[in-house]
Amino acid sequence: QVQLVESGGGLVQPGGSLRLSCAATGTIFNLNAMGWYRQAPGKQRELVADITRFGRTNYADSVKGRFTISRDNAKATVYLQMNSLKPEDTAVYYCNAVVRNRDYWGQGTQVTVSS
């Protein structure tokens, strides 16, 4: 089994920054892509950014230039640095990891951008 433990969410003012972390534990041999998704109230879950184990990244257009995804393979941890946050970034953010072609999800962490 694979467990994903997220941290770093919270309340921030517009224009502020937050950093999310997600550590994968358990049977993580062949840990492939890791990423972040988000789901706002009344909306579908959407990809924010993901990163392969070789460091290739992919971003949603809405976050390009503001968010940066990175990972530490030795720690099996993925990070999401979020800058210039906007109210529309408010959502529950979920960590995702692909292990042996199977998707695993974290429990989610709330990010609220509000003045």
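Reader: Which residue forms a salt bridge with Asp89, with the closest N and O atoms 2.8 Å apart?
Author: Arg66 does. That pair links distant parts of the chain, with Arg66 in the loop between strand S6 (57-59) and S7, and Asp89 in the loop between S8 and S9, 23 residues apart. A salt bridge here is a side-chain nitrogen of Lys or Arg within 4 Å of a carboxyl oxygen of Asp or Glu. Strands (E, at least two residues) are DSSP runs, numbered from the N terminus, as are helices (H or I, at least four).

Reader: What kind of model is this?
Author: A predicted one, where local features need pLDDT of at least 70, side-chain atom pairs count only at pLDDT 80 or more, and totals for chains, interfaces and linings use all residues. Residues are numbered from 1 along each chain as its sequence is written, and side-chain values use heavy atoms, with hydrogens and water left out.

Reader: Back to Arg66. Buried or exposed?
Author: Arg66 is buried, at a relative accessible area of 11%. Buried means under 20% relative accessible area, exposed over 50%, and partly exposed in between (1.4 Å probe, protein chains only). Asp89 is buried as well, at 1%.

Reader: How many salt bridges in the whole structure?
Author: Four.

Reader: Where does Arg38 come in, relative to Asp89?
Author: The side chains of Arg38 and Asp89 meet in a salt bridge, 3.0 Å from N to O. Arg38 sits in strand S4 (residues 31-39) and Asp89 in the loop between S8 and S9, so this pair ties together parts that are 51 residues apart in sequence.

Reader: Which residues are linked in a network of salt bridges?
Author: Arg38, Glu46, Arg66 and Asp89. Side chains of opposite charge can pair when their charged atoms come close.

Reader: And Lys64, what does its side chain meet?
Author: Asp61, in a salt bridge of 3.1 Å, N to O. Lys64 and Asp61 are both exposed.

Reader: What else does the Arg38 side chain make a polar contact with?
Author: The side chain of Tyr93, at 2.9 Å. A polar contact is a pair of N or O atoms within 3.5 Å; within protein, one must be able to donate a hydrogen and the other to accept it, and residues adjacent in sequence count only if both atoms are side-chain atoms. Arg38 counts as buried because its relative accessibility is 7%. Leaving out residues up to four places away in sequence, Arg38 touches several others, including Glu46, Val48, Phe67 and Ala91. Contact means heavy atoms within 4.5 Å.

Reader: Ala91, then. Where is it?
Author: Ala91 lies in strand S9 (residues 91-99). Ala91 is buried, at 2% relative accessibility. Beyond its neighbours within four places in sequence, Ala91 contacts Arg38, Gln39, Ala40, Thr109, Gln110 and Val111.

Reader: Asn96 now. What does its side chain lie 3.4 Å from?
Author: A polar atom of the Asn96 side chain lies 3.4 Å from the backbone oxygen of Tyr104. Asn96 is in strand S9 and is buried, with a relative accessible area of 5%. Not counting residues up to four places away in sequence, Asn96 touches Leu4, Tyr37 and Trp105, among others.

Reader: Change of topic. How many disulfides?
Author: One. A disulfide joins Cys22 to Cys95, with S to S at 2.0 Å. The cut-off is a pair of cysteine sulfur atoms within 2.5 Å. The link of Cys22 and Cys95 is left-handed, with -80° about the S-S bond. The pair links distant parts of the chain: Cys22 is in strand S3 (residues 18-26) and Cys95 in strand S9, 73 residues apart.

Reader: Cys22 and Cys95, buried or exposed?
Author: Both are buried.

Reader: Last one. What does S7 pair with?
Author: Strand S8 (residues 77-82), in the antiparallel sense over six bridges. Two strands pair if DSSP finds at least two bridges between them. Phe67 has Met82 in S8 as its bridge partner. S7 and S8 form a hairpin with four residues between them, and Ala76 in the turn has a positive phi of about 50°.

Reader: Which residues of S7 are on the covered face?
Author: Phe67, Ile69 and Arg71. The uncovered face of S7 (residues 67-72) holds Thr68, Ser70 and Asp72. In a regular strand the side chains alternate between the two faces of the sheet.
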